[in-house]
Amino acid sequence: MPKLFFEDMKEAYLDEVFKIEEVSYGEHHWSKDSFRTEIKNSVSNYVCAFLDDETGKRVLVGYCGMWQIFEEAHITTLAIHPDYRGKKIAQALLIHMFENLYKEKIKFVTLEVRISNTAAIKLYEKFGFKSLGVRKKYYQNNNEDALIMWTNNIFSEEFKSLYNKIKEEVESASRCEDGGSDQHSTNSTTMATWDEVPQEQKYE
């Protein structure tokens, strides 16, 4: 599988971001102006994931965003293009985001997710998120409840042990797919296969 590259979301990428946004969230998607506002927000961190396809063309395949305020981060969105789901891109994006959180000394991470979104809940539980409550009728389009999820302190030995295990799984699978060579740099990684990708993750 080709390398996965990460870059900060920027104006030039918004057309491609919006295509993924529309297909992932339907009529309740964010507008381009919403993304434009978010990437200009001083507390926001939005990242795009790219793959080089078989022709060598770089393709935007997913994105993740969060707010970082003091010692806390709030995941606001995570979406993968339908053609590239099931390739562990969501996990790779989260690893990339968490690496930045460690650099920024962020201690806790939170998010809201639809009660019915079992794929997303499963992914976040794998990353150590735990349910700490419910926001009733949180999603305006259908009044669905949102599960409130938090990590423990990501610098705790318990969390770091879990996180490093997931990170090693991704990196090990990537090396295997590439015949054992070192595929990693400061802004790229590759992925193995995972069966589910979270959707309907957006903060609304």
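Analyst: Cys 48 is buried, with a relative accessible area of 0%. Buried means under 20% relative accessible area, exposed over 50% and partly exposed in between, with a 1.4 Å probe and protein chains only. The model is predicted: local features need pLDDT of at least 70, side-chain atom pairs count only at pLDDT 80 or more, and totals for chains, interfaces and linings use all residues. Residues are numbered from 1 along each chain as its sequence is written, and side-chain values use heavy atoms, without hydrogens and water.

User: Is Cys 64 buried or exposed?

Analyst: Its relative accessibility is 0%. Cys 64 therefore counts as buried.

User: How many disulfides does a search of the whole structure find?

Analyst: A disulfide is a pair of cysteine sulfur atoms within 2.5 Å. The search covers the whole structure, and its count is zero.

User: At what angle do α1 and α2 pack?

Analyst: Axes are lines fitted to C-alpha atoms, for helices over the stretch in contact, and angles run from 0 to 180 degrees between N-to-C directions. Helix α1 spans residues 14–25 and helix α2 residues 32–40. Their axes lie 10 Å apart, and the angle is about 120 degrees.

User: What share of the 204 residues is buried?

Analyst: The share is taken over the protein's 204 residues. Buried residues make up 48%.

Notes: Helices (H or I, at least four residues) and strands (E, at least two) are DSSP runs, numbered from the N terminus.
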